[in-house]
Amino acid sequence: MKKNINETLMGTSGMSSIDVANVTGKQHAHILRDIRNLLDQGVAASNFGLGSYMDVNQQVRPCYNLTAKGCLILASGYNPILREKIINRLEELEKQRIAEEINPELSANKFINQYKKKGKSDRWIAARFEGIQKRHAFTDTLKDHGVHGYGYSLCTDAIYKPLFGKTAKGIREERNLTTNSNLRDSMSAVELGATMLAELLATERLEVEHAMGNRQCYTNTMIASKNVAKAIDNTRKGIL
């Protein structure tokens, strides 16, 4: 049986309101207005996640992150030409997603190209890519060792505080990062490497010490990160 457009596109991640503006040629302010009108009419807010972005003048501006369903709901109020443009883009994104599942190298290349456009070096991109894998391994280990709820943010801060002297929130404030920006994208290659090593050692320590629960995992993560911070400090001071 042939699937309808809703069934075909529900696996797609959707688009931001900025993407919709670019696809349709409408002003972003008008897209925001249209979404707010839908929300005022009672359409579920879960279809339109409120976010923010930095404009060309370095000002924080609002935007929405639409699910595929949200895109279709928004498109239903537009003329046929604009509806077609939105649906075509969703279909294109779905084809990309399927292609990346079949060939993961495409996803890796996309990752590399996106950061190269931002002016990141090959060294930085390699550190960022590997760091993602180590981060996943770390959080998976936390889960296996009974970490829950706020424990994840506790253990993340246990990584950051010895290395940077601040919690994740403090680093964001210091670097003037928006809520939706990725903290690690602001790090240098050395900072990424230090964070990755701390998480790798913390993962090993949690397993060796059989740490369980938020408090034990926090304590052991802090010890691992302190050891990395100490090694970096000694290296910079020329201490053997």
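The model is predicted, so local features are used only at pLDDT of at least 70 and side-chain atom pairs only at pLDDT 80 or more, while totals for chains, interfaces and linings use all residues. Residues are numbered from 1 along each chain as its sequence is written, and side-chain values use heavy atoms, with hydrogens and water left out.

Starting with the overall fold, the protein has eleven helices and three strands. Here helices (H or I, at least four residues) and strands (E, at least two) are DSSP runs, numbered from the N terminus. Along the sequence, the elements come in the pattern α-β-α-α-β-β-α-α-α-α-α-α-α-α. Of the 240 residues, 36% count as buried. In this passage, buried stands for under 20% relative accessible area, exposed for over 50%, and partly exposed for anything in between, with a 1.4 Å probe and protein chains only.

The search turns up one cavity of 30 Å³ or more, and the largest cavity holds about 40 Å³ of space. A cavity is a set of points, on a 1 Å grid over the protein atoms alone, where a 1.4 Å probe fits but cannot get out; lining residues have an atom within 4 Å of a point. Grid points are joined across faces, edges and corners, and the volume is the space filled by probe spheres set on the points. Lining the largest cavity are Ala127, Arg128, Gly131, Ile132, Arg184, Leu192, Thr195 and Met196. Two elements give two or more residues to this lining, namely helix 7 (122–144) and helix 10 (189–208). Helix 7 supplies the largest share, with four residues. By type, the lining splits into four nonpolar, two polar and two charged residues.

The buried residues of helix 7 are Trp124, Ile125, Ala127, Arg128, Gly131, Phe138, Thr141 and Leu142. Just after helix 7, Gly146 takes a positive phi of about 80°.

Turning to side-chain pairs, the whole structure contains two aromatic pairs. One of them joins Tyr160 and Phe164, whose ring centres are 5.9 Å apart and whose planes meet at 65°, so the pair is edge-to-face. Rings of Phe, Tyr and Trp (its six-membered ring) pair if their centres lie within 6.5 Å; planes under 30 degrees apart count as stacked, over 60 as edge-to-face and the rest as tilted. Both residues sit in helix 8 (residues 151–164), four residues apart, or about one turn of the helix. An α-helix has 3.6 residues a turn, so residues three or four places apart point the same way. Tyr160 is buried, because its relative accessibility is 3%.

What about the cysteines? Cys63 is buried at 5% relative accessibility, and Cys71 is buried too, with a relative accessible area of 1%. The count of disulfides (cysteine sulfur atoms within 2.5 Å) is zero.

Two loop residues have a positive phi without being glycine. Asn176, with phi near 55°, lies in the loop between helix 9 (168–174) and helix 10, and is exposed at 60% relative accessibility. His210, with a positive phi of about 55°, is found in the loop between helix 10 and helix 11 (213–237), and is exposed at 61%.

Ile35, in helix 3 (residues 28–40), is buried at 0% relative accessibility; Ile35 and Ile73 are 38 residues apart in sequence and 9.4 Å apart in space, C-alpha to C-alpha. Gly14, in the loop between helix 1 (5–9) and strand 1 (15–16), is buried at 12%. Between Gly14 and Asn65 there are 7.5 Å in space, C-alpha to C-alpha, though they are 51 residues apart in sequence.

Conventions:
On a 1 Å grid over the protein atoms alone, a cavity is a set of points where a 1.4 Å probe fits but cannot get out, and a pocket is an open set with protein on both sides within 12 Å along at least five of seven lines; lining residues have an atom within 4 Å of a point. Ala, Val, Leu, Ile, Met, Phe, Trp, Tyr, Cys and Pro count as nonpolar, Asp, Glu, Lys and Arg as charged, and the others, Gly among them, as polar.
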